[in-house]
Amino acid sequence: MFFQTIYDKTLAQASYLIGCQKTGESIVIDPKRDVDTYLDVAKQNGLRITHVTETHIHADFLSGARELAALTGATLYLSDEGGPDWAYAFAHEGLRHNDVIRVGNLTLKVLHTPGHTPESISFLLTDHPATDAPVMIFTGDFVFVGDIGRPDLLEKAAGMTGTQDAGARQMYQSVQQFSQLPEYVQVWPGHGAGSACGKALGAVPSTTVGYEKIRNWAFQYDEDPEGFVEYLLTDQPEPPTYFARMKTLNKVDRPLLTQVPTQKKLSPAEVREGLQNGMKLIDTRNKTAFAQGFVPGSLNIQGNNAFATWMGWLMSYDEPFMLVADDAQIEDLTRKLMRIGLDKVYGYTDTVSDLGMELAGADVIDIETFKTYLNRADVQVVDLRGASEYKQGHVEGAENVFVGTLERNLDKISRDKPVVIYCQGGDRATIAYSLLVRHGFTNVRNYSGSMNEWVREGNPVVTGELAAV
């Protein structure tokens with residue numbers, strides 16, 4: 001048996017290529033959209049991609065299952081569980097509980113494991129030349145290392161009222177089913193630490209059924225379904241706004257993108273014209289470089305592992321945009337964008353200094369200056385982190401306005417007082433600073449050291465929800 005994990009650090013998303021080396025057949029589970037990765041791995045290992053599948057209708061990335069099937073001629077296998085509201089709207093081979101997919105001498109048995117979504121399935125793999133007992137299970141967003149998938153996304157991200165309680169109860173039943181599997185079975189989940197699809201995912205890439213029964217909180221509620229539901233639904237992180245768009249695009253027929261686009265390098269005149277026409281300029285440089293000189297109105301979303309997530313939070317899928325990025329970085333950023341379906345890149349520039357425009361500088365303050373603004377009625381201090389982070393500990397007197405929803409809550413930011421912002425490590429504060437400047441706020445200070453420095457220097461924090469807005 002051939003087995004390889006393809007892991008996207010930017011979305012903490014795992015996909016898998018599994019092959020029968022005797023017959024040369026292989027299957028890909030939960031492929032990302034830039035599918036050339038799988039084609040290369042298969043070719044290097046003498047395999048043909050003959051089967052493509054996924055565990056559920058994804059919310060956090062745009063699936064490449066259809067692109068991969070189109071390029072290879074592979075059969076596309078997708079869940080037909082969950083009822084008519086969860087049916088894929090394009091041609092596929094439907095899968096039901098206990099169905100079996102055969103890939104050469106390998107079999108993958110389908111288990112319906114609803115909870116995260118109604119149609120979610122897992123795949124129990126048996127390598128028959130070695131044994132007739134199952135050896136691996138691919139759980140998608142069902143069981144993670146140390147956690148389980150959240151059932152509230154349909155309600156919070158897609159607006160489907162009443163679904164989170166029903167999903168949590170389905171998840172309880174799915175966990176009970178999972179616990180009956182042999183303890184030696186390896187568990188390969190769809191996400192790792194950093195994903196917004198759970199609240200406490202472990203950083204280890206895989207686990208076993210037995211280990212999760214010992215350490216995963218979800219397996220400690222055998223006789224307490226109500227306690228399970230309450231814990232599962234408490235303190236889940238804010239779901240990015242783009243999740244609703246992914247849910248739709250992954251379900252319906254849509255145009256396919258079978259290769260990584262090449263972006264146009266813009267002249268200074270083209271950048272200026274785009275700005276004059278209201279087009280957003282996303283500056284992907286390091287926050288320090290941005291603070292030293294940026295195009296007024298541009299947004300600083302650094303081109304690091306969180307780039308796609310924050311682009312998904314803040315960008316409209318219907319508007320073109322420009323990037324500030326190095327030539328060597330533009331392909332990587334394009335891949336990150338296409339994985340969440342943000343395809344309307346007008347072009348990019350590798351500099352802001354040669355645009356013929358006056359640049360602005362950010363007002364970044366150190367910890368001692370930050371302290372001078374605290375506990376003052378004439379200053380607003382804003383904590384930009386998520387609600388659960390804020391509850392765990394914040395600076396006394398700080399109000400909580402999450403950066404992902406900041407543009408919808410500008411009325412909560414003072415235009416009269418000095419505003420001082422902070423987050424956990426400074427990245428989100430830089431995003432927020434650029435957003436506020438874009439919206440005409442002129443009296444903002446960025447405490448870039450943020451909570452990491454504040455706690456490291458031994459300063460006190462307040463727990464609970466007081467002062468949240």
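Reply: Let's start with alanine 133, which touches Thr126 and Tyr184 when residues up to four places away in sequence are not counted; contact here means heavy atoms within 4.5 Å. Please keep in mind that this is a predicted model, where local features need pLDDT of at least 70 and side-chain atom pairs count only at pLDDT 80 or more, while totals for chains, interfaces and linings use all residues. Residues are numbered from 1 along each chain as its sequence is written, and side-chain values use heavy atoms, leaving out hydrogens and water.

Alanine 133 sits in the loop between β9 (121–127) and β10 (136–140); helices (H or I, at least four residues) and strands (E, at least two) are DSSP runs, numbered from the N terminus. With a relative accessible area of 24%, alanine 133 is partly exposed, on a scale where buried is under 20%, exposed is over 50% and partly exposed is in between (1.4 Å probe, protein chains only). Glycine 210 is 77 residues from alanine 133 in sequence, and their C-alpha atoms are 16 Å apart in space.

For another loop, look at phenylalanine 402, between β19 (399–400) and β20. Its relative accessibility of 11% counts as buried. Beyond four places in sequence, phenylalanine 402 touches Glu238, Trp310, Trp313, Leu384, Arg385 and Gly386. Asparagine 216 is 186 residues away from phenylalanine 402 along the chain, with 29 Å between the two C-alpha atoms.

Now for the interior. A nonpolar core is a set of buried Ala, Val, Leu, Ile, Met, Phe, Trp, Tyr and Cys residues joined through side-chain atoms within 4.5 Å. The largest one has 52 residues, and Ile282, Met311, Phe321, Leu323 and Ile421 have the most contacts inside it. At least two of its residues come from each of α7 (242–249), α10 (307–314), β15 (321–324), α11 (330–338), β16 (345–349), β20 (419–422) and α14 (427–438). A second, separate core has 23 residues, among them Ala168, Val175, Tyr221 and Val229.

Helix α14 holds serine 434, which is buried at 1% relative accessibility. Apart from neighbours within four places, serine 434 is in contact with Phe290, Ser298, Leu299 and Asn300.

Finally, step back to the whole protein, with its 15 helices and 21 strands. Its radius of gyration is 24 Å, close to the 23 Å that the globule rule gives for 469 residues, so the protein is as compact as a globular protein of that length; the radius is taken over C-alpha atoms, and the rule is 2.2 Å times the number of residues to the power 0.38. The C-alpha trace spans about 70 × 55 × 40 Å along its principal axes. Of the 469 residues, 56% count as buried. Among contacts with a separation of 6 or more, 68% come from residues 24 or more positions apart.
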